[in-house]
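Biologist: Could you take me through this model and tell me what stands behind each label you use?

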Amino acid sequence: MQSGNFTGELVLPSDESRPRRARWLLPALLIVLWLAIGAVSAPFLGKLSEVQSNDPGSFLPASAESTEVQHLQERFAQNRLLVTVVVFDRQSGLTPADSEAIKAKAAELAKAPGLDGAVPPPIPSADGKAAQVVLPVKGDDPYKAGTAVKDIRVQAKAGLPPGLSALATGPGGYNADFAEVFGGIDGALLIITASIVAVILVIVYRSPLLPIFVLISAGLALTSSSAVIYLLAHAGVLTLNGQSQGILLILVFGAATDYALLLVARYREELLRTPSAHEAIKIAWRASLEPIGASGGTVILGMLCMLASELTSNRSLGPIASLGILGALLASLTFLPAVLALVGRAAFWPGDPVPRKHRRTSHGIFDAIARLVRRRPRWTWALSTLVLVAGVLFVPALKASGTSQQALFLNEVEAVTGQNVLSAHFPGGTGSPAIITANAGSAQQVLTTAKGIDGIVEVQVSPADPANPAAGPKIVDGLVEMGATLRDPADSPSAVTVVGKLRDALHALPGAGAKVGGQSAQQSDMIAAATHDRDLIIPIVLVVIFAVLALLLRSLLAPLLLIATVVLSFGATLGVGALVFNDLFDFPGADPAIPLYAFVFLVALGIDYNIFLMTRAREEAARFGTETGTLNALGVTGGVITSAGVVLAATFAALSVIPVLFLAQVAFLVAFGVLLDTFLVRSLLVPALAVDFGRVIWWPGKLAKRPRPAEK
């Protein structure tokens with residue numbers, strides 16, 4: 001018996017006296033129960049897009065100034081609006097026939113379903129090459145608003161004179177395009193992710209059956225969690241957006257596969273020791289319960305830290321991701337073991353995992369790594385640290401101060417094309433003005449001050465009668481509303497700067513009670529909230545994960561070292577990401593939430609692999625001492641953890657198929673970071689630190705005081 005290859009657990013003999021019915025009854029019931037849950041919950045996965053809200057205003061906290069203005073706008077309009085601007089354009093200049101066609105089209109669009117309010121006459125551009133029609137689309141239900149804008153686009157283009165184009169943009173146009181981009185998440189992304197996982201699992205298991213069982217388990221986890229999330233989002237408890245839905249799918253598939261890999265690896269290990277497959281799955285389940293439970297619990301707690309966010313999108317992602325991980329945990333610890341218990345060794349067909357005398361256990365490259373770490377632990381962790389520090393040096397190059405809404409799309413969409421046409425013929429902020437609300441008695445003072453701000457080209461007071469502006473301003477609860485058209489596009493950094501100056505000037509007016517909202521203000525408030533969330537949540541996540549690791553490993557020093565390695569890996573990932581985003585892909589920048597998302601996923605998921613390694617190291621160290629125990633753990637878990645890392649990286653990389661800048665950046669950072677953690681941090685840095693520190697790494701636990709077996 002080779003001491004480095006076995007855990008020393010008591011192998012229970014096969015209990016042949018127990019009726020066979022009792023062995024398969026519980027697994028069979030669990031399988032039937034899960035399949036029933038899957039049948040009931042499967043339709044909800046396809047319905048998630050119906051409860052999505054991709055309007056930037058819905059992401060903001062209630063305390064944000066732009067949110068307050070949005071609520072006041074609804075009192076003026078008696079409804080929430082997603083203004084849609086249809087811009088008509090002819091490069092050579094509008095002809096008289098074009099002008100007549102645009103007037104007729106405006107009258108036709110005024111009768112389109114989904115509008116709330118009168119449609120003003122077309123507004124021609126000063127250069128005579130374009131005209132715009134502003135449509136007040138109802139925005140209470142973003143899904144219905146998106147459908148309305150799709151119909152408007154078709155209607156606007158129909159029957160126009162040859163050479164005259166029509167494009168729908170503005171907030172309503174962007175909402176529709178986001179809905180279109182994210183509408184295929186539950187289809188294309190699911191197929192791509194499942195295909196990637198299936199290929200990797202076939203390579204890992206060399207079996208056609210096990211990948212099927214694992215994929216079914218992951219699918220059941222996804223559908224069951226999707227059903228709960230749909231019901232919560234439909235009830236208004238959660239705010240679901242396309243980004244959260246994409247991350248949910250990837251996270252569930254990746255986590256469920258990782259947990260399956262760990263359980264199946266331990267099951268196969270036990271099958272090589274005992275002739276009873278039934279006893280093998282029992283031992284494997286018990287041995288895997290703690291690391292898998294701790295891993296999932298760490299991710300859940302880390303994601304729930306997002307509840308401290310100001311941004312609604314971040315705050316909702318916490319429970320959404322946590323529900324997905326919970327589904328992965330339950331399916332991996334109940335459905336999958338039940339299937340393995342019924343199928344037995346046949347799951348590994350055509351493999352043959354049966355006990356044999358004189359079987360030589362080899363862990364391939366991880367045996368070589370273990371020998372390297374044993375000979376040169378200090379050099380190993382020092383050089384590994386230097387490699388990571390080299391990446392950290394490039395973190396200042398990361399441009400994460402926000403981007404325009406136009407830059408969020410990586411493919412061509414009509415809202416962006418239309419905005420470019422609109423900006424070429426009208427002031428950039430046309431159709432998306434800054435909204436000002438103020439006390440009616442200070443209206444003139446506010447109007448004069450706003451007009452004096454550089455970057456604002458026009459300020460108009462909302463009239464009581466749109467058809468008769470001379471009738472005076474509309475006053476609601478003692479307030480007036482104004483629209484300030486900006487020179488630059490509403491979502492551009494320059495427009496955000498102008499809104500900041502406008503707020504400073506209006507807030508300084510005594511008694512005016514002026515507030516500034518609109519798209520540019522929302523962009524400004526989102527940047528501020530995202531920065532706040534990043535600075536607040538990162539320390540909270542570190543504290544929570546430290547507490548989990550301390551309880552799990554019965555140590556204070558080991559958790560500090562593990563967290564330090566993962567944070568260092570995170571910094572190196574951000575640095576490499578900065579180089580890739582700036583120099584390889586030439587991205588215009590990144591959202592301030594990018595570092596937060598990368599941190600939460602990389603730290604929570606990266607700690608997973610350290611949990612898998614160090615829980616086994618602790619188990620082995622109790623028998624063989626810290627050095628041998630750590631290296632035994634490295635050999636035993638190396639293959640499965642590396643496979644898990646590759647699966648998780650590949651699934652997150654699949655997010656890049658969604659042509660949205662934010663998700664492409666998250667996909668790269670998490671995929672690269674997981675691989676870096678898998679191949680460098682967990683394979684070299686952590687084992688070398690454990691060997692170099694010795695038993696003191698378990699301080700102040702009992703293992704730190706226990707002498708090595710050879711010393712007894």
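Modeller: Gladly, and let me begin with a definition: two strands pair if DSSP finds at least two bridges between them. Helices (H or I, at least four residues) and strands (E, at least two) are DSSP runs, numbered from the N terminus. This is a predicted model, where local features need pLDDT of at least 70 and side-chain atom pairs count only at pLDDT 80 or more, while totals for chains, interfaces and linings use all residues. Residues are numbered from 1 along each chain as its sequence is written, and side-chain values use heavy atoms, with hydrogens and water left out.

Biologist: How do you know that strand 6 and strand 7 pair?

Modeller: Strand 6 is joined to strand 7 (residues 479-486) by five bridges, and the two run antiparallel. The definition asks for at least two bridges, so they pair.

Biologist: What makes strand 6 and strand 8 edge strands?

Modeller: Strand 6 (456-461) and strand 8 (515-517) each pair on one side only. They belong to an open sheet of four strands, ordered 6-7-5-8 with antiparallel pairing. Neighbouring strands there are turned by 25 degrees against each other on average, direction ignored. Helix 14 (residues 443-451) packs on this sheet, touching strand 5 (434-439), strand 6 and strand 7; contact means heavy atoms within 4.5 Å.

Biologist: Why are helix 3 and helix 4 called roughly antiparallel?

Modeller: Their axes cross at roughly 150 degrees and come within 10 Å. Axes are lines fitted to C-alpha atoms, for helices over the stretch in contact, and angles run from 0 to 180 degrees between N-to-C directions. Angles under 35 degrees count as roughly parallel, over 145 as roughly antiparallel, 65 to 115 as roughly perpendicular and the rest as oblique. Helix 3 and helix 4 are therefore roughly antiparallel. Lys-105, Glu-108 and Leu-109 of helix 3 meet Ile-152, Gln-155 and Ala-156 of helix 4.

Biologist: Why is the pair of Tyr-174 and Phe-409 called stacked?

Modeller: Rings of Phe, Tyr and Trp (its six-membered ring) pair if their centres lie within 6.5 Å; planes under 30 degrees apart count as stacked, over 60 as edge-to-face and the rest as tilted. The whole structure holds 13 aromatic pairs. In this one the centres are 6.3 Å apart and the planes stand at 25 degrees, so the pair is stacked. Tyr-174 in helix 5 and Phe-409, in the loop between helix 12 (377-392) and helix 13 (414-425), are 235 residues apart.
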